[in-house]
Amino acid sequence: MNGYKIGIDLGTKNTLVYINGRGIIFNEPSMVAFDRETNKMIAIGHKANDMLGKEHGKIKVTKPLEGGVIADLNATEVILESIFKKFKDTNVNLKHSTLLLCCPSKMTSSERKALEDLAHKLEIKDVLIEKEVKAGAIGSGIDIFMPKGIMIVDIGGGTTDIGVLSLGDVVVHDSIRIAGNYIDNEIIKYIKYKYGMEIGKQTAEKIKIGIGTLKNELAEDRTYTFSGKNSNTNLPGKMIIKQSEIRNILLKIFTKITNKILDVLRKLPPELAEDILEDGIIINGGGALIDGVIDYFENITNLKFRLSKNPLTSIAEGTKILLQNKGDYRTKPLK
(Lines give C-alpha, C1' and ligand atoms only; values in the text may rest on other atoms or scores of the structure.)
Protein backbone atom coordinates (compact mmCIF):
# COMPACT_ATOMS: atom_id res chain seq x y z
CA MET A 1 0.00 0.00 0.00
CA ASN A 2 1.41 3.38 -0.99
CA GLY A 3 2.11 6.14 1.48
CA TYR A 4 2.43 9.89 1.40
CA LYS A 5 5.47 12.09 1.74
CA ILE A 6 4.30 14.75 4.19
CA GLY A 7 6.16 17.93 5.09
CA ILE A 8 4.89 20.09 7.95
CA ASP A 9 5.92 23.57 9.00
CA LEU A 10 4.39 23.54 12.48
CA GLY A 11 4.71 27.24 13.18
CA THR A 12 3.68 29.34 16.14
CA LYS A 13 1.58 31.54 13.86
CA ASN A 14 0.56 29.22 11.01
CA THR A 15 0.72 25.53 10.19
CA LEU A 16 1.54 24.58 6.60
CA VAL A 17 1.37 21.07 5.17
CA TYR A 18 2.98 19.86 1.95
CA ILE A 19 1.92 16.57 0.32
CA ASN A 20 3.84 15.03 -2.58
CA GLY A 21 1.87 15.39 -5.79
CA ARG A 22 -0.55 17.87 -4.23
CA GLY A 23 1.63 20.76 -3.08
CA ILE A 24 0.66 22.80 0.00
CA ILE A 25 -2.75 21.54 1.03
CA PHE A 26 -3.09 23.40 4.34
CA ASN A 27 -2.01 26.92 5.32
CA GLU A 28 -4.00 28.23 8.28
CA PRO A 29 -3.43 29.68 11.78
CA SER A 30 -2.07 27.26 14.40
CA MET A 31 -5.20 27.51 16.50
CA VAL A 32 -7.71 25.05 17.98
CA ALA A 33 -11.09 25.71 19.63
CA PHE A 34 -12.42 23.21 22.21
CA ASP A 35 -15.72 22.66 23.98
CA ARG A 36 -14.74 23.11 27.66
CA GLU A 37 -17.30 20.56 28.91
CA THR A 38 -16.50 17.70 26.53
CA ASN A 39 -12.96 18.78 25.51
CA LYS A 40 -13.91 17.99 21.93
CA MET A 41 -12.51 20.00 19.05
CA ILE A 42 -14.94 22.58 17.63
CA ALA A 43 -12.76 24.25 15.02
CA ILE A 44 -9.17 24.60 13.81
CA GLY A 45 -7.28 27.10 11.69
CA HIS A 46 -9.12 30.17 10.40
CA LYS A 47 -12.40 29.28 12.12
CA ALA A 48 -10.72 28.87 15.50
CA ASN A 49 -8.69 32.05 15.00
CA ASP A 50 -11.89 34.01 14.32
CA MET A 51 -13.11 32.97 17.78
CA LEU A 52 -10.01 34.26 19.59
CA GLY A 53 -10.91 36.94 22.14
CA LYS A 54 -14.63 36.45 21.49
CA GLU A 55 -15.19 33.10 23.19
CA HIS A 56 -17.47 32.51 26.20
CA GLY A 57 -17.23 30.19 29.20
CA LYS A 58 -18.07 27.06 27.19
CA ILE A 59 -15.40 27.55 24.51
CA LYS A 60 -11.62 27.54 24.88
CA VAL A 61 -9.32 28.69 22.05
CA THR A 62 -5.79 27.28 22.28
CA LYS A 63 -2.50 27.92 20.48
CA PRO A 64 -0.59 24.62 20.29
CA LEU A 65 2.77 26.40 20.06
CA GLU A 66 4.28 29.35 21.91
CA GLY A 67 7.68 30.79 21.14
CA GLY A 68 8.42 28.07 18.59
CA VAL A 69 7.89 25.16 20.98
CA ILE A 70 4.93 22.93 21.80
CA ALA A 71 2.92 24.44 24.63
CA ASP A 72 -0.11 22.13 24.34
CA LEU A 73 0.64 18.64 23.06
CA ASN A 74 -3.04 17.62 22.97
CA ALA A 75 -3.95 20.64 20.82
CA THR A 76 -1.00 19.88 18.51
CA GLU A 77 -2.22 16.32 18.11
CA VAL A 78 -5.79 17.48 17.40
CA ILE A 79 -4.73 19.94 14.69
CA LEU A 80 -2.55 17.35 12.95
CA GLU A 81 -5.27 14.68 13.13
CA SER A 82 -7.78 17.12 11.66
CA ILE A 83 -5.42 18.01 8.82
CA PHE A 84 -4.69 14.37 8.02
CA LYS A 85 -8.40 13.57 7.81
CA LYS A 86 -8.70 16.13 5.02
CA PHE A 87 -6.50 14.18 2.62
CA LYS A 88 -6.89 10.57 3.74
CA ASP A 89 -8.33 8.18 1.15
CA THR A 90 -8.84 4.44 0.81
CA ASN A 91 -5.64 3.90 -1.20
CA VAL A 92 -3.23 5.44 1.27
CA ASN A 93 -2.24 4.39 4.77
CA LEU A 94 -0.39 6.77 7.09
CA LYS A 95 1.59 3.80 8.41
CA HIS A 96 3.46 3.69 5.10
CA SER A 97 3.99 7.47 4.92
CA THR A 98 7.07 9.55 5.65
CA LEU A 99 6.57 12.65 7.80
CA LEU A 100 9.06 15.51 7.97
CA LEU A 101 8.51 18.07 10.75
CA CYS A 102 10.40 21.37 10.75
CA CYS A 103 11.43 22.93 14.05
CA PRO A 104 13.46 25.92 15.34
CA SER A 105 17.21 25.33 15.65
CA LYS A 106 17.15 25.66 19.44
CA MET A 107 14.45 23.04 20.03
CA THR A 108 15.63 20.72 22.81
CA SER A 109 16.04 16.96 22.45
CA SER A 110 13.03 16.39 24.72
CA GLU A 111 10.90 18.68 22.56
CA ARG A 112 12.05 16.85 19.42
CA LYS A 113 11.23 13.53 21.12
CA ALA A 114 7.72 14.83 21.89
CA LEU A 115 7.20 15.56 18.18
CA GLU A 116 8.44 12.10 17.19
CA ASP A 117 6.17 10.44 19.77
CA LEU A 118 3.22 12.45 18.48
CA ALA A 119 3.87 11.29 14.92
CA HIS A 120 4.12 7.69 16.08
CA LYS A 121 0.85 8.11 17.96
CA LEU A 122 -0.70 9.14 14.65
CA GLU A 123 0.61 5.79 13.29
CA ILE A 124 3.38 7.32 11.17
CA LYS A 125 6.53 5.27 11.69
CA ASP A 126 8.98 7.04 9.36
CA VAL A 127 9.56 10.44 10.99
CA LEU A 128 12.21 13.05 10.20
CA ILE A 129 12.83 16.30 12.06
CA GLU A 130 14.77 19.08 10.36
CA LYS A 131 15.72 22.65 11.21
CA GLU A 132 13.45 25.36 9.80
CA VAL A 133 16.38 27.33 8.38
CA LYS A 134 17.41 24.34 6.26
CA ALA A 135 13.96 23.81 4.76
CA GLY A 136 13.44 27.56 4.43
CA ALA A 137 16.66 28.05 2.46
CA ILE A 138 15.73 25.26 0.04
CA GLY A 139 12.19 26.60 -0.34
CA SER A 140 13.65 30.01 -1.11
CA GLY A 141 15.20 28.52 -4.25
CA ILE A 142 18.74 28.20 -2.86
CA ASP A 143 20.99 25.24 -3.67
CA ILE A 144 22.30 24.51 -0.17
CA PHE A 145 24.22 21.49 -1.46
CA MET A 146 26.98 23.62 -2.97
CA PRO A 147 30.35 24.06 -1.18
CA LYS A 148 29.35 27.62 -0.37
CA GLY A 149 28.09 29.47 2.67
CA ILE A 150 24.45 30.57 2.62
CA MET A 151 22.94 32.59 5.47
CA ILE A 152 19.22 32.84 6.18
CA VAL A 153 17.28 34.77 8.82
CA ASP A 154 13.73 33.47 9.36
CA ILE A 155 11.55 35.93 11.30
CA GLY A 156 8.54 33.78 12.09
CA GLY A 157 5.70 33.97 14.57
CA GLY A 158 7.37 32.61 17.70
CA THR A 159 11.10 32.74 16.94
CA THR A 160 13.67 34.34 14.70
CA ASP A 161 15.83 31.48 13.47
CA ILE A 162 19.27 32.23 12.02
CA GLY A 163 21.47 29.74 10.21
CA VAL A 164 24.42 29.38 7.88
CA LEU A 165 24.38 26.35 5.57
CA SER A 166 26.96 24.68 3.34
CA LEU A 167 27.24 21.28 1.65
CA GLY A 168 23.61 20.47 2.42
CA ASP A 169 23.52 21.06 6.15
CA VAL A 170 23.57 23.69 8.89
CA VAL A 171 27.06 24.82 9.96
CA VAL A 172 26.19 27.55 12.47
CA HIS A 173 22.78 28.38 13.89
CA ASP A 174 21.01 30.24 16.67
CA SER A 175 17.55 31.54 17.46
CA ILE A 176 15.84 34.13 19.60
CA ARG A 177 12.25 34.06 20.84
CA ILE A 178 11.57 37.51 19.47
CA ALA A 179 9.43 37.55 16.33
CA GLY A 180 5.89 38.29 15.13
CA ASN A 181 4.00 37.46 18.33
CA TYR A 182 6.52 39.37 20.43
CA ILE A 183 5.98 42.44 18.24
CA ASP A 184 2.19 42.14 18.69
CA ASN A 185 2.58 41.92 22.47
CA GLU A 186 4.83 45.00 22.55
CA ILE A 187 2.23 46.97 20.56
CA ILE A 188 -0.46 45.87 23.04
CA LYS A 189 1.65 46.99 26.01
CA TYR A 190 2.52 50.33 24.41
CA ILE A 191 -1.11 51.18 23.57
CA LYS A 192 -2.24 50.32 27.10
CA TYR A 193 0.51 52.47 28.64
CA LYS A 194 0.29 55.42 26.23
CA TYR A 195 -3.42 55.55 25.47
CA GLY A 196 -5.06 53.62 28.31
CA MET A 197 -6.66 51.30 25.79
CA GLU A 198 -6.80 47.51 25.87
CA ILE A 199 -6.62 45.73 22.52
CA GLY A 200 -6.39 42.10 21.45
CA LYS A 201 -3.65 40.34 19.51
CA GLN A 202 -5.62 40.42 16.27
CA THR A 203 -5.92 44.21 16.48
CA ALA A 204 -2.21 44.52 17.28
CA GLU A 205 -1.36 42.42 14.24
CA LYS A 206 -3.57 44.59 12.01
CA ILE A 207 -1.76 47.70 13.26
CA LYS A 208 1.63 46.05 12.61
CA ILE A 209 0.65 45.04 9.08
CA GLY A 210 -1.13 48.32 8.36
CA ILE A 211 1.54 50.86 9.39
CA GLY A 212 4.55 48.87 10.61
CA THR A 213 7.81 50.23 9.17
CA LEU A 214 11.55 50.34 9.85
CA LYS A 215 12.27 53.25 7.52
CA ASN A 216 14.39 56.05 8.95
CA GLU A 217 12.47 58.77 7.15
CA LEU A 218 8.73 58.83 6.57
CA ALA A 219 7.33 60.79 3.65
CA GLU A 220 4.11 60.98 5.66
CA ASP A 221 3.46 59.98 9.26
CA ARG A 222 0.43 57.84 8.50
CA THR A 223 -2.16 57.01 11.15
CA TYR A 224 -4.25 53.97 12.03
CA THR A 225 -7.60 54.07 13.79
CA PHE A 226 -8.17 51.11 16.10
CA SER A 227 -10.89 49.99 18.47
CA GLY A 228 -10.47 48.66 21.98
CA LYS A 229 -11.65 48.98 25.58
CA ASN A 230 -10.86 52.03 27.69
CA SER A 231 -8.94 50.90 30.78
CA ASN A 232 -10.54 53.57 32.99
CA THR A 233 -14.17 53.34 31.92
CA ASN A 234 -14.17 49.71 30.67
CA LEU A 235 -16.21 50.98 27.73
CA PRO A 236 -15.51 50.43 24.01
CA GLY A 237 -13.73 53.25 22.24
CA LYS A 238 -11.58 54.28 19.28
CA MET A 239 -8.12 55.79 19.15
CA ILE A 240 -5.58 56.88 16.54
CA ILE A 241 -1.93 55.82 16.54
CA LYS A 242 0.88 57.19 14.36
CA GLN A 243 3.20 55.20 12.14
CA SER A 244 6.23 56.79 13.82
CA GLU A 245 5.13 55.28 17.14
CA ILE A 246 5.01 51.76 15.70
CA ARG A 247 8.38 52.35 14.02
CA ASN A 248 9.94 53.19 17.40
CA ILE A 249 8.58 49.94 18.84
CA LEU A 250 9.93 47.95 15.90
CA LEU A 251 13.37 49.60 16.04
CA LYS A 252 13.88 48.46 19.64
CA ILE A 253 12.81 44.91 18.78
CA PHE A 254 14.90 44.66 15.62
CA THR A 255 17.96 45.86 17.50
CA LYS A 256 17.76 42.59 19.48
CA ILE A 257 17.32 40.55 16.31
CA THR A 258 20.27 42.33 14.68
CA ASN A 259 22.49 41.59 17.68
CA LYS A 260 21.65 37.89 17.33
CA ILE A 261 22.50 38.00 13.60
CA LEU A 262 25.87 39.60 14.45
CA ASP A 263 26.51 36.88 17.06
CA VAL A 264 26.08 34.20 14.37
CA LEU A 265 28.31 36.10 11.94
CA ARG A 266 31.09 36.23 14.53
CA LYS A 267 31.07 32.42 14.76
CA LEU A 268 31.65 31.87 11.02
CA PRO A 269 34.80 30.27 9.61
CA PRO A 270 36.68 32.77 7.36
CA GLU A 271 35.78 30.98 4.10
CA LEU A 272 32.07 31.05 4.85
CA ALA A 273 32.28 34.67 5.98
CA GLU A 274 33.67 35.55 2.55
CA ASP A 275 30.71 33.83 0.85
CA ILE A 276 28.20 35.74 2.99
CA LEU A 277 29.96 39.02 2.25
CA GLU A 278 29.69 38.31 -1.48
CA ASP A 279 26.17 36.84 -1.72
CA GLY A 280 24.36 38.50 1.15
CA ILE A 281 21.79 37.21 3.64
CA ILE A 282 18.28 35.92 2.88
CA ILE A 283 15.36 37.22 4.97
CA ASN A 284 12.50 34.78 5.35
CA GLY A 285 9.22 34.50 7.29
CA GLY A 286 6.39 36.94 7.97
CA GLY A 287 8.78 39.49 9.49
CA ALA A 288 10.51 39.75 6.11
CA LEU A 289 7.44 41.63 4.84
CA ILE A 290 7.75 44.53 7.28
CA ASP A 291 8.25 47.74 5.34
CA GLY A 292 11.92 48.80 5.16
CA VAL A 293 13.38 45.65 6.71
CA ILE A 294 16.03 45.10 4.01
CA ASP A 295 17.35 48.69 4.16
CA TYR A 296 17.32 48.54 7.97
CA PHE A 297 19.53 45.44 8.16
CA GLU A 298 21.87 46.70 5.44
CA ASN A 299 22.37 50.07 7.17
CA ILE A 300 23.15 48.42 10.51
CA THR A 301 25.42 45.59 9.32
CA ASN A 302 26.92 46.99 6.08
CA LEU A 303 26.08 43.64 4.44
CA LYS A 304 23.76 42.78 1.55
CA PHE A 305 20.31 41.38 2.35
CA ARG A 306 17.63 40.04 0.02
CA LEU A 307 14.06 38.87 0.38
CA SER A 308 13.17 35.19 0.04
CA LYS A 309 11.08 34.52 -3.05
CA ASN A 310 8.49 32.70 -0.87
CA PRO A 311 8.81 34.26 2.61
CA LEU A 312 5.56 32.82 3.98
CA THR A 313 5.66 29.32 2.48
CA SER A 314 9.33 28.51 1.84
CA ILE A 315 9.73 26.15 4.82
CA ALA A 316 6.82 23.96 3.72
CA GLU A 317 8.01 24.08 0.10
CA GLY A 318 11.54 23.17 1.16
CA THR A 319 10.30 19.94 2.72
CA LYS A 320 9.72 18.62 -0.82
CA ILE A 321 13.47 18.30 -1.48
CA LEU A 322 14.25 17.12 2.05
CA LEU A 323 11.63 14.38 1.69
CA GLN A 324 13.07 13.31 -1.65
CA ASN A 325 16.53 12.69 -0.24
CA LYS A 326 15.76 12.45 3.50
CA GLY A 327 18.16 15.26 4.24
CA ASP A 328 21.20 13.42 2.84
CA TYR A 329 23.76 16.12 2.04
CA ARG A 330 25.29 13.93 -0.67
CA THR A 331 22.10 13.91 -2.74
CA LYS A 332 21.55 16.82 -5.09
CA PRO A 333 18.04 18.31 -5.21
CA LEU A 334 15.84 16.84 -7.92
CA LYS A 335 14.95 19.05 -10.86
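Asn-39 counts as partly exposed because its relative accessibility is 43%; buried means under 20% relative accessible area, exposed over 50%, and partly exposed in between, with a 1.4 Å probe and protein chains only. Although Asn-39 is not a glycine, its phi is positive, at about 65°. Asn-39 sits in the loop between strand S4 (32-35) and strand S5 (41-44). Helices (H or I, at least four residues) and strands (E, at least two) are DSSP runs, numbered from the N terminus.

Asn-234 also has a positive phi, near 60°, and is a residue other than glycine. The loop that holds Asn-234 runs between strand S15 (223-230) and strand S16 (236-242). With a relative accessible area of 49%, Asn-234 is partly exposed.

## Basis of the values

This is a predicted model, in which local features need pLDDT of at least 70 and side-chain atom pairs count only at pLDDT 80 or more, while totals for chains, interfaces and linings use all residues. Residues are numbered from 1 along each chain as its sequence is written, and side-chain values use heavy atoms, with hydrogens and water left out.

## Overall build

The protein chain has 10 helices and 18 strands. Its radius of gyration is 21 Å, which agrees with the value near 20 Å that a compact globule of 335 residues would have; the radius is taken over C-alpha atoms, and the globule rule is 2.2 Å times the number of residues to the power 0.38. Along the principal axes, the C-alpha atoms fill a box of roughly 65 × 55 × 30 Å.

Of the 335 residues in the protein chain, 52% are buried. Among contacts (heavy atoms within 4.5 Å) with a separation of 6 or more, 62% are between residues 24 or more positions apart.

## Aromatic pairs

The structure holds four aromatic pairs. Rings of Phe, Tyr and Trp (its six-membered ring) pair if their centres lie within 6.5 Å; planes under 30 degrees apart count as stacked, over 60 as edge-to-face and the rest as tilted. The pair of Phe-254 and Phe-297 is tilted, because the planes stand at 50°, with the ring centres 5.9 Å apart. This pair links distant parts of the chain, 43 residues apart: Phe-254 is in helix H7 (residues 243-266) and Phe-297 in helix H9 (residues 293-301).

Phe-297 also forms an edge-to-face pair with Tyr-296, at 5.5 Å centre to centre and 65° between the planes. Tyr-296 and Phe-297 are both buried, and Phe-254 counts as buried at 0% relative accessibility. Ring pairs link Phe-254, Tyr-296, Phe-297 and Phe-305 into a cluster.
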